[in-house]
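The structure comes up here:

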Amino acid sequence: MLKNYFKIALRNVTRHKAYSAINIFGLAIGISACLLIIQYVDFELSYENFHSKKDRIFRLEQDRFDNGKISTQWAAGAFGAANSFKNAIPEIEDYVKVVDDGSEVTKVNNKIFKIDKAFFSSKSFFNIFSYPLLVGDPNTVLVEPNTAVISESTSRTLFGDLNATGKTLLLSGHLPVKITGIFKDMPANTQLQTNMLISYSTFVAQSKKNGDDAENAWEWDGCLSYLLLRPDADPKKVEAKLDPVAYKFVADDMKKYNAAVKYHLQPISDIHLYSHFMGEPSPTGDGKTVYLLLGIAFFIIVIAWVNYINLATARAINRAREVGVRKAIGSKRNQLVRQFLFESALLNGIALVLALVIIFLTLPLFSRLAGQEITFTLFARPGFWLTLFGLYITGVFLSGLYPAFVLSSFNPVEVLKGKIISGRQGSVLRKSLVVFQFAASLFLLIGTTAVYKQIQFMRRQSLGVNIDQTLVVNPPIVTDSTFTQRTSGFKDELLRNPAIRSVAASTSVPGDEIHWNAGGIKLVGANESQQKQYRIIGVDYDFIHTFGLKIIAGRPFAKEFATDSNAVVFNRKGIGQLGFNKPEEAIGKKIDFWGHQYTIVGVSENFHQQSLRDAYDALIFRLIPAIRGYFSVKLNTEDAAKTVDLVKQQWAVFFPGNTFDYFFLDEHFDHQYKADQRFGQVFGLFTTLAILVACLGLFGLASFTTLQRTKEIGIRKVLGASVAGILRLLYEEFAILLLIAFVVATPIAWFGTHKWLQSYAFRIQLSWLLFLLPFVIIVLIAFLTVSYQSMKAAWNNPVKSLRTE
């Protein structure tokens, strides 16, 4: 029987080539697109899932409040929190502290190497997390001061092999560390991307030299704290105990400054998609985006299945006589259902094979587009094949079951007498499914248009700061007293060249998160309850001029004013936070900044320090003439490569032993939009595929609909109907369906795009054009799709049409 089913199914596939090709190609596109998106989503959801204790690992998230309003949400909070919570709460089994150290420079065999992504970490790192330690004892590698572990690739880069343990590196020219272990390179699906871990006790010892207590400080933020709860602990109950413990240490300060602090537990597996706080160790993802893409995958595959249902039921009349003959010679309905399901299985099977070929050919391109390391190893995962099998079975039954029951329900007597007609119920279903297809396509196209417009808006919007033609060199490391002299000489030498317009130094540059966060700042004489938090940028005299910041009151820093050593410049939002309505009111006022008084000499206009996703920050520019920070070199030439070489030569003269790491600021700033751009490209790609699949189905449906009305068209032409009138008749039905799709899709699309745009502080306004333009595009595509068959039928000789049975 199965052999017979297979023969009949294969015969139908080969006999009706156009119908089969439309179904197979549509299903293949749908399946391949769905699987690619699922792999992308699976990767995003897999972050930190490899940790054996992941269900018990939580990161502390710290909210700070000023006057009842939240001022800062920290991923990296107080340094004394983790150990204090461990000592006070018995449900906490262990903890680990991680502090970003940026990059380190070392010399091996007279060669200078830069080690990116270095962190300080406390001793329990390898006991809490499941990062494989290739060499060393996980219990001891990070215990002693001046010890470190390095990644496998770093060991090979520095020493050519994995025999690095016991060797000593001199970091940044002053910090000797002994290598005690080597860990496997961090997987792509973890937030803690690092090449070197230095023992936290080293950091504690360094902080003590500066008079700080990195082990117990509560007023000092910047420490990532991870807690390991005991197996029987309830995270909600543990979280409820955090604030009472914290207030034993900070209650006096909170009361004094009218401030507050609140701690939360973040499950480690939620951090990548749902954490966008200050001090994140690496860029995070977006849970909304991930699930939106999953929704697109659902739409595409359902549109492909809808095509099959529409085309199969539309062909019911063509296959009615076959069904009648089969029933007349004894076929039972369940046998016919199995036959039609077998046809569905065959078409879905061929489509599945074609989908795998498409995935194999397009996976490298999709990986580059998505910015992820999605490789062919996904074929080795059991989950991939399980998903594939699930899609296949679901497709066979969803797309094949309804047509099978429709076709097998025909009455053989009526069919063989030629009385079978297309039922109204089936017609309504087909029209409803077409409406669903184009409503889904319209929703996706509106979404794609909104994403494109938002990205263009962010990239074209004035930043309020001039980042063009700006070369930025990462800070040098100079451990002796000659830093000021070297910096001054370096800047003077560069400015001798006409290709360089200006040079400035600062602790932060546009496009970077400002890590200097200062609380407790108020006007001199104001009540301590009026203290606020600000982001601080340490700058030299040339920073404001170099970046073209607009001074709206007062003046910038100037060497002519000796008192500027105790001067600050605020931005507009900053003086508003002090309580001034007009910038001029703030000039000459003094502020209390950590026990020192500074005079406000200027107010700048707000500018975008980071992407337009973020609101303006309250900023203070603090003058530090010999600031240890980035060098921003404003170019005055189109020959950037030649100027870079010039800067590099002077760098080697004034900062020997330091690697010359640089970037162009406009590219660096645009990098913030990479994730949005990738999302837009992926969204646009799969929207195009969804529309393509829907149009394939519409083409097939239009072909069969036109074929069924061939005789009607012939009669109308004999009675005097014009070609234009015939075309209007054929277009009218599809036009009504598209209009219904527009009415259905528009409110849903408005709600979806409105919600998505809320995550941007600066965003486009939703206008009627955003919805009308995609509708016009869909209408044009749809009418072009049906035009071939419609015009062919309208131009046909009516004599031939009336001969059609």
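**What the labels rest on**

The accessible surface of the chain comes to about 36800 Å², and 57% of that belongs to carbon and sulfur atoms; such areas come from the Shrake-Rupley method with a 1.4 Å probe, and for residues only the protein chains shown count as cover. This is a predicted model, in which local features need pLDDT of at least 70 and side-chain atom pairs count only at pLDDT 80 or more, while totals for chains, interfaces and linings use all residues. Residues are numbered from 1 along each chain as its sequence is written, and side-chain values use heavy atoms, with hydrogens and water left out.

Q: What is the overall make-up of the chain in helices and strands?
A: The chain comes to 25 helices and 23 strands. Helices (H or I, at least four residues) and strands (E, at least two) are DSSP runs, numbered from the N terminus. The C-alpha atoms fill a box of roughly 105 × 60 × 55 Å along the principal axes.

Q: How do you know whether Cys 695 is buried or exposed?
A: Buried means under 20% relative accessible area, exposed over 50%, and partly exposed in between (1.4 Å probe, protein chains only). Cys 695 has a relative accessible area of 10%, so Cys 695 is buried. Cys 223, at 1%, is buried as well. Of the 805 residues of the chain, 52% count as buried.

Q: What makes a set of residues a nonpolar core, and which residues have the most contacts inside the largest one?
A: A nonpolar core is a set of buried Ala, Val, Leu, Ile, Met, Phe, Trp, Tyr and Cys residues joined through side-chain atoms within 4.5 Å. The largest has 127 residues, and those with the most contacts inside it are Phe 438, Phe 557, Phe 621 and Phe 686. Helix H9 (residues 287–314) gives the most to this core, with 16 residues. A second, separate core of 27 residues includes Ala 76, Phe 129, Leu 224 and Phe 277.

Q: Which residues are in contact with Phe 557, leaving aside its neighbours within four places in sequence?
A: Contact means heavy atoms within 4.5 Å. Among the partners of Phe 557 are Val 539, Tyr 541, Ile 544, Val 601, Phe 621 and Leu 623.

Q: Why is Val 353 called exposed?
A: Its relative accessible area is 54%, so Val 353 is exposed. Val 353 has its place in helix H11.

Q: What makes up the nonpolar surface patch that includes Val 353?
A: Patches are made of residues with over 30% relative accessible area and no salt bridge; like charges are joined within 9 Å, and nonpolar side chains (Val, Leu, Ile, Met, Phe, Trp, Tyr) within 5 Å. This one, of about 640 Å², is made by Phe 25, Val 353, Leu 354, Val 357, Phe 360, Leu 361 and Leu 692. Helix H11 (residues 333–370) gives the most to the patch, with 5 residues.

Q: Why is Val 135 given the label that falls in between?
A: Val 135 has 26% relative accessibility, so Val 135 counts as partly exposed. Val 135 lies in strand E6 (residues 133–135).

Q: How do you know that Glu 280 and Arg 59 meet in a salt bridge?
A: A salt bridge is a side-chain nitrogen of Lys or Arg within 4 Å of a carboxyl oxygen of Asp or Glu. Here the N to O distance is 3.1 Å, so Glu 280 and Arg 59 qualify. The pair links distant parts of the chain: Glu 280 is in the loop between helix H8 (271–274) and H9, and Arg 59 is in strand E1, 221 residues apart. Both ends are buried, Glu 280 at 17% and Arg 59 at 0% relative accessibility.

Q: What makes the pair Arg 64 and Asp 221 a tie between parts of the chain?
A: Their side chains meet in a salt bridge at 2.9 Å, N to O. Arg 64 lies in strand E1 and Asp 221 in strand E11, so the pair ties together parts that are 157 residues apart in sequence.
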